[in-house]
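Please examine the sequence and the structure shown below. The briefing that accompanies them is arranged by topic.

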Amino acid sequence: MRVCITGSKGMLGYDLARRLKSGYEIIGVDIDDFDIVNKDVIDFLLAQKPDFLFHFAAYTNVDKAEREKEKAYEVNVSGTKNIVTACKILDIPLVFISTDYVFDGRKKTPYREDDNPEPINFYGETKRDGEKVIIAILKRYFIVRTSWLFGKNGKNFVKSIFSLAQEKENIAVVDDQQGSPTYTSDLAVSLEMFIHSVQYGIYHITNSGLCTWFDFAEKIISLSGGKSVVSPIKSENLKRFAKRPQNSVLDNTLFETKFCYKMPSWEDALGRYLIEDRDSKE
Ligand SMILES: NC(=O)c1ccc[n+]([C@@H]2O[C@H](COP(=O)([O-])OP(=O)(O)OC[C@H]3O[C@@H](n4cnc5c(N)ncnc54)[C@H](OP(=O)(O)O)[C@@H]3O)[C@@H](O)[C@H]2O)c1
């Protein structure tokens with residue numbers, strides 16, 4: 001079976017490709033091979049004839065997206081439309097990764113799949129528009145909203161805190177945004193289940209449990225044996241171009257029920273990630 005992964009060299013793409021490589025023929029598409037904004041990517045995919053497609057390639061810099069709106073829109077919406085067009089012609093299912101940032105964060109409980117997306121930053125708008133393109137054109141799709149990704153092959157919060165802890169005694173981190181950190185390697189386990197499934201639709205999938213960025217930073221420092229002190233600050237004191245939702249915890253119940261699988265807790269995931277990261281450096 002031929003499985004295409006766009007964004008195959010990114011953080012999630014790398015872990016999924018690693019997971020699938022023994023059982024599937026992988027067709028990787030990343031910016032060095034093909035720009036998904038260029039319509040030629042459609043002909044490329046038609047020639048490659050994949051049986052299933054994971055679409056991860058995206059403009060993912062949330063703050064920069066506020067200043068590079070045209071570029072973010074092109075990649076996340078026009079690029080997605082090219083990928084979807086190819087899936088439609090090939091008549092194959094697609095998995096699209098969307099985000100907790102499609103929600104405004106005002107809900108007090110975890111977001112469900114049928115809650116109304118109301119993004120408060122431009123990146124979230126482009127991902128919501130990408131979802132709309134898929135729903136309008138395809139019947140066989142899985143839209144997976146996830147959050148706060150960390151993994152071996154990409155810049156992420158865990159790596160940032162880990163390196164700050166080497167230099168600083170005190171690290172200030174916001175304590176007024178809560179969500180669920182998610183290990184790309186754990187998400188890849190769930191995503192593989194879609195390949196042979198016909199339970200199409202929208203799913204929320206994150207590691208289980210929730211925390212603030214402050215809690216997350218404290219756990220990173222304690223599990224990695226660091227000595228830095230983490231101090232809580234408010235988002236308004238951290239000048240960033242894009243707003244973030246205060247609550248972006250996603251409710252995994254639909255996925256867990258339909259696929260009879262519970263995602264590990266974020267603390268467990270973080271522990272395994274830190275051990276794997278340490279072992280790979282030794
Ligand atoms: N990271 C998170 O916390 C998070 C949370 C929720 C949802 N998501 C979604 O999850 C998916 C995977 O995220 P990730 O963190 O693994 O992303 P990532 O590491 O940024 O990987 C995306 C990959 O796509 C490539 N790419 C960008 N523009 C492209 C283009 N025009 N044509 C072809 N390839 C292109 C990127 O190349 P460059 O690196 O050179 O740009 C990168 O290799 C994305 O769709 C993202 O929106 C991420």
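This is a predicted model: local features need pLDDT of at least 70, side-chain atom pairs count only at pLDDT 80 or more; totals for chains, interfaces and linings use all residues.

Residues are numbered from 1 along each chain as its sequence is written. Helices (H or I, at least four residues) and strands (E, at least two) are DSSP runs, numbered from the N terminus.

**The sheet**

- Six strands form an open sheet in the order β2-β1-β3-β4-β5-β10, with parallel pairing; two strands pair if DSSP finds at least two bridges between them.
- β2 and β10 (201-204) are the edge strands, each pairing on one side only.
- On average, neighbouring strands of this sheet are turned by 20° against each other, direction ignored.
- The parallel strands β4 and β5 are joined by six bridges, and Ile-97 has Val-144 in β5 as its bridge partner.

**Helix α1**

- Seven of the 10 residues of α1 (residues 11-20) are buried, so this helix is largely enclosed by the rest of the structure. A residue is buried if 20 or more other C-beta atoms lie within 10 Å of its own, exposed if 12 or fewer, and partly exposed in between, with C-beta atoms placed from the backbone.
- The buried residues of α1 include Leu-12, Tyr-14 and Leu-20.
- The elements covering these buried residues include β1 (2-6), β2 (25-29) and α6 (184-192).
- α1 lies across β1, β2, β3 and β4, and runs at about 165° to β1. Axes are lines fitted to C-alpha atoms, for helices over the stretch in contact, and angles run from 0 to 180 degrees between N-to-C directions.

**Helices α5 and α7**

- The axes of α5 (residues 157-167) and α7 (residues 213-223) come within 10 Å and cross at roughly 60°.
- Phe-157, Val-158, Ile-161, Phe-162 and Ala-165 of α5 meet Phe-216, Ala-217, Ile-220 and Ile-221 of α7; residues are in contact if their C-beta atoms, placed from the backbone, lie within 7 Å.

**Positive phi angles**

- Most residues other than glycine have a negative phi.
- Trp-148, which is not a glycine, has a positive phi of about 45°. Trp-148 stands in the loop between β5 (141-146) and β6, and is buried, with 24 other C-beta atoms within 10 Å.
- Cys-260 also has a positive phi, near 50°. Cys-260 stands in the loop between α8 (253-259) and α9 (266-281), and is exposed, with 8 other C-beta atoms within 10 Å.

Methods. Two residues are in contact if their C-beta atoms, placed from the backbone, lie within 7 Å.
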